[in-house]
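Keep the picture at hand as you read.

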Amino acid sequence: MHTIFPVDRFSALDTPFYYYDFDLLRATLADLCDAMPADGNFRMHYAVKANANPDVLRVMSAAGLGADCVSGAEIMRAADCGFSPENIVFAGVGKTDREINIGLDCGISCFNVESEPELEVISSLAASRGVKAGVALRVNPEVGAHTHANITTGMAENKFGIAMNNLDKVVDMALSLPAVELKGLHFHIGSQILDMTDFQALCNRVNELQERLENRGLILPHINVGGGLGIDYRNPDGNPIPDFKTYFDTYRHHLRLRPGQTLHFELGRAIVGQCGSLVSRVTYVKQGVRKQFVILDAGMTDLIRPALYQAYHKIENISAETARPTYPYDVVGPVCESSDVFGKAVDLPLTRRGDFIALRSAGAYGEIMASGYNCRPLPEAITSDSLRRDDDLESMTECRSL
Ligand code: LLP
């Protein structure tokens, strides 16, 4: 199962837009659910930050996933899109009072707390509402992830989490505060991780910390190991669905859960990454001094990952239905920044003005990170379901007009 672009349907549409293949998204969710142990003690909270498109969120909530949110606005959107509050958790180093109150009023299950002052504020805001806030302590496990420096989070120099040396003190504080209920520990080591030994190292760390707490008579109901499983950006059609089984097996074999404990996950990219592509039209093909440029109507404002992380996204000319000779092109956007480049010396079939170009594997951290720089409009989003609905409507109208 991989994305087949309905290019004939695209010709009536303005570009650029995100195209979401919901058949692939649903197949990915089916594999994910199959790979989770049947006993129900693994729980998945989809990381809304990866893609908060309401249509995408509705598919996630309908599949029974919870939501991992990082702002008050994400909590509200998740609740609007069908996630029930007891399946929503709230993370982030800088939760404002207003956002904490949104979480409390909504009745979310857990705040992932990153510092002592935040714990105090949550307790006092909960107390003034006469409620108890569920909290998990985010621990910085000092486990490195072999991924891009901008997306590692679990090392001492990162701003995230509570230092392991401080954990006992913060646990004492959580136990003594009147309006919080200490529910668990939370970890997250980074993103786009493909080497299972990184997750194994996290399991070893969690085991150590659990023993430390157990020695003082504490077993917390939840262990949350965050997200981070990566996808195959080089070969989206060969590997459209990540190997969830090996991922969960790593935790099953290496993390020692106590009876009654549940293990929580917060995957984002692995679930939504491969189902999305940014589709654009070629505005110009320009002959430079030494190279040829393909200039798209999509730019770094629509997909910032290449400019920000030097990230690779496979670039395809989806209009080249019949064989054309191949040439190397630099594929660039229209924004007035020299980093507005999607790929250099990319081999593409002979490319012409008006061709559709797809930037693949853009379902995660694509649309949601778009900006309005240069006063450019935010990209639209189209789903395979919505195209199908349009087809149905069209055929209904045809029937009526008979
Ligand atoms: N949980 C926490 C606490 C996180 O910070 C993140 C991502 C996730 C879960 C979900 O991680 P995932 O499963 O998607 O790897 N904009 C960057 C990625 C930033 C990730 C931030 N945290 C990118 O485009 O690569």
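## A helix and its neighbours

In helix α6, the buried residues are E118, L119, I122, S123, L125 and A126. Keep in mind that this is a predicted model. What covers those buried residues? The cover includes the helices α5 (97–106) and α7 (167–176), along with the strands β5 (110–113), β6 (133–140) and β8 (180–186).

Now look along α6 itself. Helix α6 runs over residues 116–129, which makes 14 residues. From its first C-alpha to its last it reaches 20 Å, close to the 20 Å expected at 1.5 Å a residue.

Both ends of the helix have something to show you. Just after α6 comes G130, with a positive phi of about 70 degrees.

## Around the ligand

Next, find the ligand. Which residues are closest to it? They are S191, E266, R305, Y309 and Y365, out of 18 residues that surround the ligand. By class, this shell has six nonpolar, six polar and six charged residues.

| Side chain | Ligand atom | Distance |
|---|---|---|
| S191 | oxygen | 2.3 Å |
| Y309 | nitrogen | 2.7 Å |
| Y365 | oxygen | 2.6 Å |

How much of the ligand does the protein cover? On its own, the ligand has 590 Å² of accessible area, and the protein covers 92% of that.

Methods
Residues are numbered from 1 along each chain as its sequence is written. This is a predicted model: local features need pLDDT of at least 70, side-chain atom pairs count only at pLDDT 80 or more; totals for chains, interfaces and linings use all residues. Side-chain values use heavy atoms; hydrogens and water are left out. Helices (H or I, at least four residues) and strands (E, at least two) are DSSP runs, numbered from the N terminus. The expected span of a helix is 1.5 Å times one less than its number of residues. Buried means under 20% relative accessible area, exposed over 50%, partly exposed in between (1.4 Å probe, protein chains only). Contact means heavy atoms within 4.5 Å. A residue is near a molecule or strand if one of its heavy atoms lies within 4 Å of it. A polar contact is a pair of N or O atoms within 3.5 Å; within protein, one must be able to donate a hydrogen and the other to accept it, and residues adjacent in sequence count only if both atoms are side-chain atoms. Accessible areas come from the Shrake-Rupley method with a 1.4 Å probe; for residues, only the protein chains shown count as cover. Ala, Val, Leu, Ile, Met, Phe, Trp, Tyr, Cys and Pro count as nonpolar, Asp, Glu, Lys and Arg as charged, and the others, Gly among them, as polar.
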